[in-house]
Amino acid sequence: MTDFQQLDRYLKVDTKQKAADLATLNMLIRHYMLQVPFENINVQNGWSLALTDEAMMHKVVDEHRGGFCYEMNYFFKHYLEYHGYKVGAMSATVMSPHGWARENSHMSLVVAVDDTEYVVDIGFGDMPKFAMPLHTCPAEGMRDVTGLYRVHFADAQHYDVQKWSEAEEEWHIQYRALYQAKTLEDFADGIDFNQHHPDSPFVKGLLITKATETGRHTMTEQRFTILSEGEKKALDVSRTNYKELLPKYFGIPEMKIATFDA
């Protein structure tokens with residue numbers, strides 16, 4: 001049985017005698033997102049994904065790493081269940097700049113707190129550091145330092161996670177999720193595609209991103225970007241400086257990433 005107290009200590013959260021309420025849920029989300037980066041280094045290096053709690057615990061706590069949606073959200077699902085929450089994993093389809101991505105190739109979480117359900121997603125790369133009510137999310141959205149977000153039902157069976165575009169002054173769909181709990185086995189096709197297929201965005205290129213108190217740090221194989229209080233700064237990334245950026249901005253120890261030796 002996985003000892004999730006290790007994760008409590010790593011995230012520096014005190015959950016003693018805390019109820020499984022919304023305040024505790026938001027605290028756990030915030031601490032996790034500020035500490036654990038979204039990253040696809042395993043895919044880039046041709047390593048297996050960490051799809052068990054034990055593998056992810058080692059990756060996060062011992063290696064100071066993170067992961068992408070299947071690794072992060074399924075691990076976080078079990079962490080929340082350990083703290084007394086009821087959590088469902090929902091399959092979702094991402095809206096990319098070029099249109100809908102592969103169907104049902106993302107995982108989103110729905111967490112029940114008393115009689116209210118909330119969308120939680122620490123494995124997407126651009127989400128707020130708090131839970132959003134699934135059925136009663138404000139139409140004007142909920143603000144985090146990285147922007148306005150909301151949940152909106154597309155139809156009776158699907159909910160959209162949306163982000164407000166300041167430039168275009170309209171809501172953009174981040175992804176559309178089927179409102180039906182799934183098992184990890186139901187994601188097998190998406191896991192295989194995102195890990196191995198040449199059309200997978202995670203196979204095509206490196207992506208590391210981590211939330212901060214004022215914005216977000218993001219690195220690809222070409223660019224490192226700091227988003228802070230709405231302002232962006234960027235610099236070029238190369239095989240000579242990427243190892244220095246990993247610990248400084250993402251908390252990841254210096255390590256070899258195959259992307260830079262291709």
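**Close-up views: cavities, pocket and sheet**

**View A. The lining of the largest cavity divides into 8 nonpolar, 2 polar and 2 charged residues.** Nonpolar counts Ala, Val, Leu, Ile, Met, Phe, Trp, Tyr, Cys and Pro; charged counts Asp, Glu, Lys and Arg; the others, Gly among them, are polar. The model is predicted: local features need pLDDT of at least 70, side-chain atom pairs count only at pLDDT 80 or more, and totals for chains, interfaces and linings use all residues. Residues are numbered from 1 along each chain as its sequence is written, and side-chain values use heavy atoms, leaving out hydrogens and water. The largest cavity holds about 70 Å³ of space. A cavity is a set of points on a 1 Å grid over the protein atoms alone where a 1.4 Å probe fits but cannot get out; lining residues have an atom within 4 Å of a point. Its volume is the space filled by probe spheres set on points joined across faces, edges and corners. Tyr32, Met33, Val36, Pro37, Phe38 and Met72 belong to the lining of the largest cavity, as do Ile122, Gly125, Thr209, Lys210, Ala211 and Arg216. β11 gives the most, with 3 residues. Helices (H or I, at least four residues) and strands (E, at least two) are DSSP runs, numbered from the N terminus.

**View B. The second largest cavity holds about 30 Å³ of space.** How many cavities of 30 Å³ or more does a search of the whole structure find? The search finds 2. Ala50, Leu51, Thr52, Asp53 and Met56 line the second largest cavity, together with Tyr70, Glu71, Tyr74 and Phe75. Both α4 (53–62) and α5 (69–82) supply at least two residues of this lining. The largest share, 4 residues, comes from α5. By class, the lining has 6 nonpolar, 1 polar and 2 charged residues.

**View C. The largest pocket contains about 1,700 Å³ of space.** It is lined by 49 residues; the closest to its centre are Met95, Pro97, Phe124, Asp126 and Gln174. A pocket is an open set of grid points with protein on both sides within 12 Å along at least five of seven lines. The lining comprises 19 nonpolar, 20 polar and 10 charged residues.

**View D. An open sheet is built from 5 strands in the order β1-β11-β12-β13-β14.** The pairing is antiparallel; strands pair if DSSP finds at least two bridges between them. β1 (38–39) and β14 (231–236) are the edge strands, each with a single partner, so one side of each lacks a neighbour in the sheet. β13 pairs with β14 over 6 bridges in the antiparallel sense. In that pairing, serine 228 stands opposite glutamate 231 of β14.

**View E. Strand β12 (residues 215–219) is largely enclosed by the rest of the structure, because 4 of its 5 residues are buried.** Buried means under 20% relative accessible area with a 1.4 Å probe, protein chains only. Strand β11 (residues 208–211) joins β12 through 4 bridges, and the two run antiparallel. Isoleucine 208 faces methionine 219 of β12 across this pairing. β11 and β12 make a hairpin with 3 residues between them. A further 5 bridges link β12 to strand β13 (residues 223–228), also antiparallel. Here glycine 215 stands opposite serine 228 of β13. β12 and β13 also form a hairpin, with 3 residues between them.

Notes: Buried means under 20% relative accessible area, exposed over 50%, partly exposed in between (1.4 Å probe, protein chains only).
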